[in-house]
Amino acid sequence: MSTISSGFAEQLRQSSISDWNACVQHRFVDEIFAGTLDDAVLRRYLVQDYQFINRFVALLGAAIASADRFAPRVTLSQFAAMITSDENTYFLRSFDALGVPEPERLAPSLTPQTQAFQQLMHEAAQSLNYANCIAVLAVAEGLYLDWADQPAKQQLPLPVRFEHAEWITLHANDFFRSFVAWLRSELDRVGPALSDAARAEAAGYFQRAVQLERQFFDHVYVYVYA
């Protein structure tokens, strides 16, 4: 399990702890670890989630551009390389396994929840404000580490199907743990130097991101089982 700092990053997490915990303990998480996740739910989830990659990479680019030091640019660039290689390959292999046709992979009908999260990432990137960008990244990656790296669930055998198992291991490995710890340390580093208004702005991005993550987890079941 990841180590949570007691600085700005943890203050932000605590400000959204109800929605944060709802994601970590979500039905989706339980079912993917058990290997019982309905293919229709996973398909809907992955098709919609794949539409985040373009905006997410743009958000990483904005964080790189607005960083106050060279070292963060290196770390963020290394993570961008992983997103555009290992994670992208997982999506493509899963689409093949789940029989997702090309049009649905590249230009599906976007749900309101997907559109809202895309808009949030776009706004954070357009702000060209390092704290805002890191705040959204800390949710997008930190929340996934927390659900995938739960000690009790890590004691379970991985599901048989790669579509389930690799979505877990992509978010529970040493590289990912280190990156999330780094994101949190960056929030702790830049937080004290922010004005009250800038801290509130970054907190607003963080809180919106957590709310939208919870809505995204919830909505795939609504669309499949409605």
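Student: Is C133 buried or exposed?

Tutor: C133 is buried at 0% relative accessibility, where buried means under 20% relative accessible area and exposed over 50%, with a 1.4 Å probe and protein chains only. C23 is likewise buried, its relative accessible area being 0%. This is a predicted model, in which local features need pLDDT of at least 70 and side-chain atom pairs count only at pLDDT 80 or more, while totals for chains, interfaces and linings use all residues. Residues are numbered from 1 along each chain as its sequence is written, and side-chain values use heavy atoms, without hydrogens and water.

Student: How many disulfides does the structure hold?

Tutor: It holds 0 disulfides, a disulfide being a pair of cysteine sulfur atoms within 2.5 Å.

Student: Switching to α12, which residue caps its N-terminal end?

Tutor: That is N173, which has a side-chain oxygen 3.1 Å from the backbone nitrogen of F175. Helix α12 itself covers residues 174-190, helices here being DSSP runs of H or I with at least four residues, numbered from the N terminus.

Student: And what do the buried residues of α12 pack against?

Tutor: They pack against α1 (8-15), α2 (17-24), α6 (70-98) and α9 (130-148); among these buried residues are F176, F179, W182 and L183.

Student: Which residues does α12 bury besides those?

Tutor: The buried residues of α12 also include V180, R184, E186, L187 and V190.

Methods
Helix = DSSP H or I, 4+ residues; strand = E, 2+ residues; numbered from the N terminus. Expected span 1.5 Å × (residues − 1). Contact = heavy atoms within 4.5 Å. Polar contact = N/O pair within 3.5 Å; in protein donor to acceptor, adjacent residues only side chain to side chain.
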